[in-house]
Amino acid sequence: MSDETPVGPPAHAASPDPDDSNAGRPARPRPAKGSFLRELPVLLVIAVVLALLINTFLLKAFFIPSGSMERTLHGCPGCSGDRVLVNKVVYRLHDPRPGDIVVFAGPESWAPETAVAQPTNPVQRFVRSVTSAFGVATPGEKDFIKRVIAVGGQTVQCCDTQGRVTVDGRPLDEPYTYVSDPDYRSTPFGPITVPSGRLWMMGDHRDQSADSRAHITDPDQGTIAVDDVIGRAFVIIWPVSRWSTLGTPSTFGGGGAGWVGPLLVGIPLAILLLAVGLSLRRRRAR
């Protein structure tokens, strides 16, 4: 019998686990507590800056308190009022087109359709200014929303033998209009040729809208300047039960730049989500 001691690992030593991928690697430090809370203010700042940029240059939400566009938009007394999203950049690509629903700054001669209560103290004024910056406040009294009926160079008139508005002699079939007074009859006007760079506007609630028809005696015969247009309303965003897009009716040929609004919403949201994702990824990697 040999006195030599066998060479090898002790019987009680555990063999290395071939599946242990972390063997030999330094332990990964756990994320420091509160790191996400430290990053949260940065994410909030990014979100606020994006919101302000979107509201200033791309999109803005408008509250509709008047009933001049009922029932396309609800704004009648006693109703909660629709909130629409307005595309502010589309008319940098082309001028407003017949059938578009647009928000515009009314001329001096256009009386406000709805009285807006003004803040009575500095705190309320501050809150109003902040909410206005994000497009969630009550609109100004001189902001109007109407439908473009005719553009520069077109001749608008009312009415044909069936009581319809005509543009360049072609009658408009307007199923989107609403009349609350059963005895209402359209007041004849025109023919009026819209000057270049101006628009003839009418509300869908024909017997309750103080639109271009009410200002025919003005120097511009009730038309408004294209430069006064703030943007095109393209979707109802509130209340949720009323959510719908606002396209161009078939009587005007349909179409329009309806894709621009969703695209402008999607790009900033994608940037914000990417920033949040990268922040979370860095946090997990620590």
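**Salt bridges and pockets**

Author: A search of the whole structure finds eight salt bridges, a salt bridge being a side-chain nitrogen of Lys or Arg within 4 Å of a carboxyl oxygen of Asp or Glu. This is a predicted model, in which local features need pLDDT of at least 70, side-chain atom pairs count only at pLDDT 80 or more, and totals for chains, interfaces and linings use all residues. Residues are numbered from 1 along each chain as its sequence is written, and side-chain values use heavy atoms, with hydrogens and water left out.

Reader: Thanks! What does Asp82 pair with?
Author: Asp82 meets Arg242 in a salt bridge, at 2.7 Å from N to O. The two sit in distant parts of the chain, 160 residues apart: Asp82 in the loop between strand 1 and strand 2, and Arg242 in the loop between strand 11 (229-238) and strand 12 (244-245). Strands here are DSSP runs of E with at least two residues, numbered from the N terminus.

Reader: Is Asp82 buried or exposed?
Author: Asp82 is buried, at 1% relative accessibility, while Arg242 is partly exposed at 21%. Buried means under 20% relative accessible area, exposed means over 50%, and partly exposed is in between, using a 1.4 Å probe and protein chains only.

Reader: And which partner does Arg213 have?
Author: Arg213 forms a salt bridge with Asp211, with the closest N and O atoms 2.8 Å apart. Arg213 counts as buried because its relative accessibility is 19%, and Asp211 is buried too, at 0%. Elsewhere, salt bridges that share partners join Asp160, Arg164 and Asp173 into one network.

Reader: How far apart are Asp173 and Arg164 in their salt bridge?
Author: Their side chains meet at 3.1 Å, N to O. Asp173 is partly exposed at 47% relative accessibility, and Arg164 is partly exposed at 21%.

Reader: Switching topic: how many disulfides does the structure hold?
Author: One. The disulfide joins Cys158 to Cys159, with an S to S distance of 1.8 Å; the cut-off is a pair of cysteine sulfur atoms within 2.5 Å.

Reader: Why is it called right-handed?
Author: The torsion about the S-S bond of Cys158 and Cys159 is about 50°, so the disulfide is right-handed. Cys158 is buried at 5% relative accessibility, whereas Cys159 is partly exposed at 30%.

Reader: What lines the second largest cavity?
Author: Cys158 is in that lining, along with Val165, Tyr184, Ser186, Thr187, Phe189, Met202, Arg206 and Arg213. On a 1 Å grid over the protein atoms alone, a cavity is a set of points where a 1.4 Å probe fits but cannot get out, a pocket is an open set with protein on both sides within 12 Å along at least five of seven lines, and lining residues have an atom within 4 Å of a point.

Reader: How much space lies in that second largest cavity?
Author: About 40 Å³, where a volume is the space filled by probe spheres set on the grid points, joined across faces, edges and corners.

Reader: And what is the volume of the second largest pocket?
Author: About 150 Å³. Its lining residues include Gln162, Arg164, Val165, Tyr184, Ser186 and Arg206.

Reader: Last one: where is Ser68 found?
Author: Ser68 is in the loop between strand 1 (59-63) and strand 2 (83-87). Ser68 is buried, with a relative accessible area of 1%.

Definitions and conventions: Helix = DSSP H or I, 4+ residues; strand = E, 2+ residues; numbered from the N terminus.
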